[in-house]
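Thank you for asking for a second pair of eyes on this entry. My notes follow as numbered points, written for someone who has not looked at it before.

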Amino acid sequence: MKKNVACVILAAGKGERMKSAIPKVLHEICGRPMLSYCLDLVKELKIVQTIAVINQKHAEVKQFLKPSRVKPVFQKNPLGTADAVKQALPLLNSFKGDILILYGDIPLLTKETINKLLNFHQKNNADATLLTSVIAKPHGYGRILRDNYCTIRGIIEEKDANEFQKSIKEVNTGIIVFKKEKLAQVLKLIKPNNRKKEYYLTDAIALLYKNSALIESVKVEDFSEAMGINSRVELSKANQVMRKRLNERMMKEGVTLLDPDSIFIDYGAKIGADTVIYPFTVIENDVKIGKRCSIGPFAHLRKGTRLKDDILVGNFVETVRSTIAEKSFAKHFCYIGDAKLGRAVNIGAGTVTANFDGKRKNISSIGGHAFIGSDSVLVAPVKVGRHAVTGAGSVVTKNVADGATVVGVPAKPFKTTKR
Ligand code: UD1
Ligand code: CA
């Protein structure tokens, strides 16, 4: 099944309801732009040809698409979803088959749902198949209009709907698959006869119905998958849904999350089996944690953190761009930034790697089995040798030799006076 499908991702809208200088599709969900999820989806579906319609003013979206195989096309003025699709069609001139329309602001769809939609569409040889959903609070979505035989006869947008139409609970998720030639025929006929004076893609359905085309629908059971992100409130809901998915995936892979509701793990973070994450912990993307580690509560592991196995990172510990080798401990409030720690290092409470000198970030390096006393400040660039010790409260400004002990401000080698 599933032959000849091309995809058009609509991502040129102004995103006015976000009240943001950042293009809507680049707002992040679990640490990565919303649009990445759509790009993943077309990749997973193995769709060969995908066009993303983007806003001429959004050069950063074009830049973002560069590493992918998705071709961008500009929509000069965002005159509506039908106008957006129109911009993509010339790039699909030689393509024959079905066109799947995805919206850049619908990031949570799964491969299974879209496969179901495409399979149903092709099996029934439909001209258009809509992904719809029946929801208790349909506010803001286009409503599905059906005739006396229950056949879909059109879609009415909330803004243009009368009271009866507003009471309809079946909504247009926005995801539709069309036979290309049928879509091309009706696109030309769409007029901006609505409150927003936009060319609505949804109007294609009523036009197809008039032409006696076969219009089908597939229902998505879990509507959270098809949620559209138009505002910051919806963005936060999407973050919650994705976070739950990611946390569940972690647990399935053998990671203990003691309180998934208070643990924030970004997309792309990797955690080994039998690691335990305590509540109120934030783990950003590009973080790798080994096996049997214990993290948190209240830990913040930022980008570029690499923890090997059997590591203990406790309360109020922040790490960034740092590597920590096996069996090291940082159990109480401290900052480890741009640092490289060997095996079995003990980081005392209150330790700070002072990595920023006002101009650039500098590296701290701590050898295996070193013992960093409580409240030590390592003024980078600095090296603390293997088995070295820093006294409580020392400010280390110079390298410390292997096995040496330093104390004081600034830290100096510790000498014992013989009696
Ligand atoms: C749209 C649907 C609505 C559906 C809802 C689902 C239309 C007319 N309405 O409404 O039936 O229930 O999605 O979430 O399609 N875009 C462009 N160019 C434009 C306008 C929009 O590329 O000129 C893009 C946007 O970036 C966005 C998508 O199309 O990704 C949908 O546009 P949006 O304005 O968010 O439509 P909704 O009001 O949500
Ligand atoms: Ca939308």
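Which residues of helix H7 (residues 203–210) are buried? The answer opens the first point, after two sentences on conventions. This is a predicted model, in which local features need pLDDT of at least 70 and side-chain atom pairs count only at pLDDT 80 or more, while totals for chains, interfaces and linings use all residues. Residues are numbered from 1 along each chain as its sequence is written, chains are lettered from A and ligands numbered from 1 in the order in which they are written, and side-chain values use heavy atoms, with hydrogens and water left out.

1. The buried residues in H7 are Ala 204, Ile 205, Leu 207 and Leu 208, where buried means under 20% relative accessible area, exposed means over 50%, and partly exposed lies in between (1.4 Å probe, protein chains only). They cover an arc of only 165 degrees around the axis, so they lie on the same side of H7; the arc is taken from the directions that run from the helix axis to the C-beta atoms. Helices (H or I, at least four residues) and strands (E, at least two) are DSSP runs, numbered from the N terminus.

2. Just after H7, Ser 212 takes a positive phi of about 60 degrees.

3. Ten strands form an open sheet of mixed pairing, in the order E12-E15-E18-E21-E24-E27-E30-E33-E35-E36; two strands pair if DSSP finds at least two bridges between them. Strand E12 (256–257) and strand E36 (412–413) stand at the edges with a single partner strand each, so one side of each has no neighbour in the sheet. Within the sheet, E15 and E18 run parallel and are joined by two bridges, and Ile 277 has Ile 295 in E18 as its bridge partner.

4. A search of the whole structure finds four aromatic pairs, counted when ring centres of Phe, Tyr and Trp (its six-membered ring) lie within 6.5 Å, with planes under 30 degrees apart called stacked, over 60 edge-to-face and the rest tilted. One of them is the edge-to-face pair of Tyr 37 and Tyr 267, at 5.7 Å centre to centre and with 90 degrees between the planes. This pair links distant parts of the chain, 230 residues apart, since Tyr 37 is in helix H1 (residues 34–44) and Tyr 267 in the loop between strand E13 (263–265) and strand E14 (270–271). Tyr 37 is buried at a relative accessible area of 6%, whereas Tyr 267 is partly exposed at 25%.

5. Phe 280 and Phe 298 are stacked, because their ring centres are 5.2 Å apart and their planes are at 10 degrees. Phe 280 lies in the loop between strand E15 (276–277) and strand E16 (281–283), and Phe 298 in the loop between strand E18 (294–295) and strand E19 (300–301), so the pair ties together parts that are 18 residues apart in sequence. Phe 280 is partly exposed, at 48%, and Phe 298 is also partly exposed, at 38%. Ring pairs link these two residues and Phe 316 into a cluster.

6. Charges also sit over rings, which here requires NZ of Lys or CZ of Arg within 6 Å of the ring centre and within 35 degrees of the ring normal. The charged end of Arg 32 is 3.8 Å from the ring centre of Tyr 267, and that of Lys 86 is 5.3 Å from the ring centre of Tyr 199.

7. The disulfide count is zero, with a disulfide defined as a pair of cysteine sulfur atoms within 2.5 Å. The cysteine sulfur nearest to that of Cys 7 belongs to Cys 38, 7.5 Å away, which is too far for a bond. Cys 7 is buried at 0%, and Cys 38 is buried at 2%.

8. Some backbone details deserve a check by eye. The peptide bond between Gly 296 and Pro 297 is cis, with omega about 5 degrees, and Pro 297 is in the loop between E18 and E19.
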